[in-house]
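Please look at the sequence and the model before reading on.

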There are 2 protein chains.
Amino acid sequence: MEFSSKFIENAVNEISNLPGIGKKSALRLVLFLLKQPESQSLNLANAISQMRLNVNFCSNCHNISDVDICEICINPRRDKSIICVVEDIRDVMAIEKTSSFNGIYHVLGGKISPLDGIGPDELNIDSLVEKVQTNQIKEVIFALSTTMEGDTTNFYIFRRISDYDIITSTIARGISVGDDLEYTDEITLGRSITDRIPFENSLKK
Amino acid sequence: MEFSSKFIENAVNEISNLPGIGKKSALRLVLFLLKQPESQSLNLANAISQMRLNVNFCSNCHNISDVDICEICINPRRDKSIICVVEDIRDVMAIEKTSSFNGIYHVLGGKISPLDGIGPDELNIDSLVEKVQTNQIKEVIFALSTTMEGDTTNFYIFRRISDYDIITSTIARGISVGDDLEYTDEITLGRSITDRIPFENSLKK
């Protein structure tokens, strides 16, 4: 694309570096910003740079937080002996919304993915193993996505902590509540049969 | 959504003010930026604010330009007596790419759209009429999209300049080059028959 202004060109190039946004979409966003009051662009620019410069990670669970220890880790009513291992902050937000979990989290910051150059050392795995070694941990729950990378990461961590006297579990895979059996894919349906639970347990909800 | 950091919350809110980007996509972009070097976010923020603060419009054709008169208007090899009326900079870029037009442009900055609160006064229409009144204009080509708003804008401008001794034309609507007749919508096919051209003209390309 040839631009008649180097400011436009520069903005389009930077915006199209974001994932899922091409040059055409970036130009559309730039033209939108030009029609809005100047303050909107300045607020947007300011919010992005402030976010990148000031964001902090909880030194205990690696969740994003403005303070040194995040709200969840510092909450005295949460059970510190149960750790739920997740990939990133979005998973923390999703699980928190269910109000079904009263333990604390451990945010890995990604999944092991050799193709993308992400090995165990790039993730917050050592600090999890340390917690298991030194703290009073009763249970580690794996809550990664069921992809090849998620399973690899689960298995890698499992091998490193399986010698310690803790329970390891993984969140249940099965048919979504409200879904029809006939439209469920075979792998999910198969796992829901293999991983069946005592009927009386399902009545507790 | 509840965020564990007000910096993240602020950035997500500002990004999701952009058209076509919701809160979830905004959070995905923020997490992407957090994984990239700090410089990427700072460059992005800087490019956006610089673009908004410094961008200029050509005082002749209202195209976006870093200088007072844009490259197209200042080019002595372009025919200043033929004006192509377009909606925004994207249309200029699209027509320039074809290398089929040697006149100059007039960028309206939008279309008449009462539902969005855009009347003729919000667009660069008066300056077009002035050009027609005072300059040596031979032809005005309408190149707006064929929507209700585009047609309304075309007709409004046509009424205001039809008293002057100029040619007014509109770009041809018809079947795209390479398209099958049977898959073309009825309105386009109908117009391509009504607006048929002498066969020998089609051989000139």
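## A question to begin with

Which residue of β5(B) is the bridge partner of C84(B)? The model is a predicted one, and in it the partner of C84(B) in β5(B) is I141(B). The two strands concerned, β3 (residues 82-86) and β5 (residues 139-142) of chain B, run parallel and are joined by four bridges. As a general point, the strands of a sheet pair through backbone hydrogen bonds, and this pairing is either parallel or antiparallel.

## The sheet of chain B

In chain B, four strands make up an open sheet in the order β4-β3-β5-β6, and their pairing is parallel. The strands at the edges are β4 (104-107) and β6 (167-170) of chain B, and because each of them has a single partner strand, one side of each is left without a neighbour in the sheet. Going from one strand to the next, the twist averages 25°.

A helix packs on this sheet as well: α7 (residues 148-161) of chain B touches β3, β5 and β6 of chain B, and its direction makes about 170° with that of β6(B).

## The sheet and domains of chain A

Chain A also has an open sheet of four strands, with the order β4-β3-β5-β6 and parallel pairing. Its edge strands, which pair on one side only, are β4 (103-107) and β6 (167-170) of chain A, while neighbouring strands are turned against each other by 25° on average when direction is ignored. Within this sheet, β3 (residues 79-86) and β5 (residues 139-142) of chain A pair in the parallel sense over four bridges, and V85(A) has F142(A) as its bridge partner in β5(A). Helix α7 (residues 148-161) of chain A lies across β3, β5 and β6 of chain A, and runs at about 170° to β6(A).

The domain assignment divides chain A into domain 1 (6-54) and domain 2 (72-171), and the C-alpha centres of domain 1 and domain 2 of chain A are 35 Å apart.

## Where the chains meet

The contact between the chains draws 46 residues from chain B and 46 residues from chain A. On the side of chain B that touches chain A, the elements giving two or more residues are α1 (6-15), α2 (23-35), α3 (38-54), β2 (64-65) and α5 (89-98) of chain B, and of these α3(B) gives the most, with 14 residues. Sorted by class, this side of chain B has 25 nonpolar, twelve polar and nine charged residues.

Helix α3 (residues 38-54) of chain A packs with α3(B) at an angle of about 170°, their axes being 9 Å apart. Because angles over 145 degrees count as roughly antiparallel, α3(A) is roughly antiparallel to α3(B). Among the residues making this contact are L42(A), A45(A) and I48(A) of α3(A), and L42(B), A45(B) and I48(B) of α3(B); by class, the contact of the two helices has eight nonpolar, four polar and four charged residues.

## How the two copies are related

The same surface serves both copies, since 100% of the contact residues of chain B recur in chain A.

Notes
Residues are numbered from 1 along each chain as its sequence is written. Chains are lettered from A and ligands numbered from 1 in the order in which they are written. This is a predicted model: local features need pLDDT of at least 70, side-chain atom pairs count only at pLDDT 80 or more; totals for chains, interfaces and linings use all residues. Domain bounds come from an automatic or database domain assignment. Two residues are in contact if their C-beta atoms, placed from the backbone, lie within 7 Å. Ala, Val, Leu, Ile, Met, Phe, Trp, Tyr, Cys and Pro count as nonpolar, Asp, Glu, Lys and Arg as charged, and the others, Gly among them, as polar. Axes are lines fitted to C-alpha atoms, for helices over the stretch in contact, and angles run from 0 to 180 degrees between N-to-C directions. Angles under 35 degrees count as roughly parallel, over 145 as roughly antiparallel, 65 to 115 as roughly perpendicular and the rest as oblique. Two strands pair if DSSP finds at least two bridges between them.
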